[in-house]
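Take a look at the model below. We will walk through it one site at a time.

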Amino acid sequence: MPAWVRSGLLLLVALPLVACTGSQSALDPQALQSEQIRHTFIIFLGVSGIVWSCVIVVLGVGLLRRTRIGQAPLELRLPFEARAGRVILGLGATTTLIVLVLSFVSYAGQRSLFAKDPDALTLKIIGHQWWWEVRYKADSPHNSFTTANEIRIPVGKPVKVELESADVIHSFWVPSLTGKMDLITGQTNEIQFTARNPGIYRGQCAEFCGLQHAHMAFAAIALRPDEFERWREHENQSAVNPTAPLAKQGEELFRGRGCALCHTIRGTLAGGQLGPDLTHIGSRTTIAAGTLPRTPAALGAWIADPQHIKPGNLMPRMPLQSGELIAIIQYLEQLK
Ligand code: HEC
Ligand SMILES: [Cu+2]
């Protein structure tokens, strides 16, 4: 392959970088913290790029001007040696300076990245294999509630997330909003961020945590403050009572078929703690930690055989007749 074809191909390979925007991109920041991270990244990239280019240019010049064969190799050229010594000393000093400046840039970036605001809205997120338990905390207990696999946050207000794990180490990462932070058993880590623009951003577990690690995602939905308050008000309420006969039957099946042993639906007898809280599952965007969209069809596929969709996950396959399955889907869908 001619060299120009090869370099053309290389350029083509780099083209997708242009598309680094979207709901999960550290290069398309939507919060003050991710903006800071990108800023630091660009400075590091720029400085390292310049240094690398200089090294390559000097290497090229050296190759072109190398000593001809035939010249005595050990012949000492004193003025040249002295000049080379000075150049090396100068480059050593420049390198030290660059490293110091970059360290300072990184330190300054971390200071604003890890700055704490005492008035932040506080969430607690507990990592489970392979889903996220989300608890909203407030001053009064009846403003605190639990949900799963989706966080909603107000735009422009600092949000503090306390991170814990119920089993192995996980890592909280919403590239559009902020950097990574580990969830560790027996220790609470904190991360804080302030979303700038409304939108739905994708979060992903960033620490290998077992078989279904790749299917451990969540949605971070940034809302206008008034919309957020309305959502919080609603989310805080218990589940609605089903009115349609099919949904009523679904509720009975949910209790009778063991679902209630693992799942909580606030305001009903279902109080299981092993799986995600389903009180308002009908108003969430995805199920099974971002694996499927929350549609009746996907809910049916999941409940009929969760082990097919996420092999190894901790929800067993339960034998259900198709009519029973439809009733349960109906019940869960109306849990808005
Ligand atoms: C042994 C405990 C257990 C039982 C019994 C169980 N589940 Fe689950 N369920 C889980 C776990 C654990 C998850 C999370 C799986 C994951 O995403 O890795 C889950 C996830 C779900 C989800 C998706 C929740 C979300 O937040 O995305 C739904 C819906 C659900 N279960 C419905 C049911 C129904 C309906 C039944 C009864 C037919 C049932 N489950 C029985 C443990 C259980
Ligand atoms: Cu993981």
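Predicted model: local features only at pLDDT ≥ 70, side-chain atom pairs only at ≥ 80, totals over all residues.

The site of the copper ion (ligand 2) is tetrahedral, with angles of 88 to 126° among its 4 donor atoms.

Which protein atoms are the donors of the copper ion (ligand 2)? Cys205 and Cys209 each give SG, Glu207 gives O, and His213 gives ND1.

Are glutamate 207 and cysteine 209 buried or exposed, or in between? Buried means under 20% relative accessible area, and exposed means over 50%. Cysteine 209 has 4% relative accessibility, so it counts as buried. Glutamate 207 has 31%, so it counts as partly exposed.

Now turn to glutamine 204. This residue is found in strand β9, which covers residues 199-204. Its relative accessibility is 12%, so glutamine 204 counts as buried. The side chain of glutamine 204 reaches the backbone oxygen of histidine 213 at 3.4 Å. What else does glutamine 204 touch? Leaving aside residues up to four places away in sequence, its contacts include Gln24, Trp132, Ser171, Phe172 and Trp173. Ala214, Met216, Ala217 and Phe218 are also among them.

Next comes ligand 1. How many residues surround it? There are 26, and the closest are Cys259, Cys262, His263, Ala288 and Met315. Alanine 288 places a polar backbone atom 2.6 Å from an oxygen atom of ligand 1. Arginine 284 uses its side chain instead: a polar atom there lies 2.7 Å from an oxygen atom of ligand 1. Asparagine 149 also has a polar side-chain atom by an oxygen atom of ligand 1, at 3.1 Å.

Last, follow helix α3. It runs over residues 78-113, which makes 36 residues. How far should α3 span at 1.5 Å a residue? The expected span is 1.5 Å times one less than the number of residues. For α3 that comes to 52 Å, and its end C-alpha atoms are 52 Å apart, so the two values agree. The buried residues of this helix are Leu102, Val105, Gly109 and Leu113. What covers them? The cover includes α2 (32-64) and β8 (189-193).

Conventions. Residues numbered from 1 in each chain as written. Chains lettered and ligands numbered in written order. Heavy atoms only, no water. Donors = N, O, S within 2.8 Å, 3.2 Å for Na, K, Ca; no water. Tetrahedral: all angles 85-135°; square planar, octahedral: opposite > 155°, others 65-115°. Buried < 20%, exposed > 50% of the residue type's maximum accessible area, 1.4 Å probe, protein only. Helix = DSSP H or I, 4+ residues; strand = E, 2+ residues; numbered from the N terminus. Contact = heavy atoms within 4.5 Å. Near = heavy atom within 4 Å. Polar contact = N/O pair within 3.5 Å; in protein donor to acceptor, adjacent residues only side chain to side chain.
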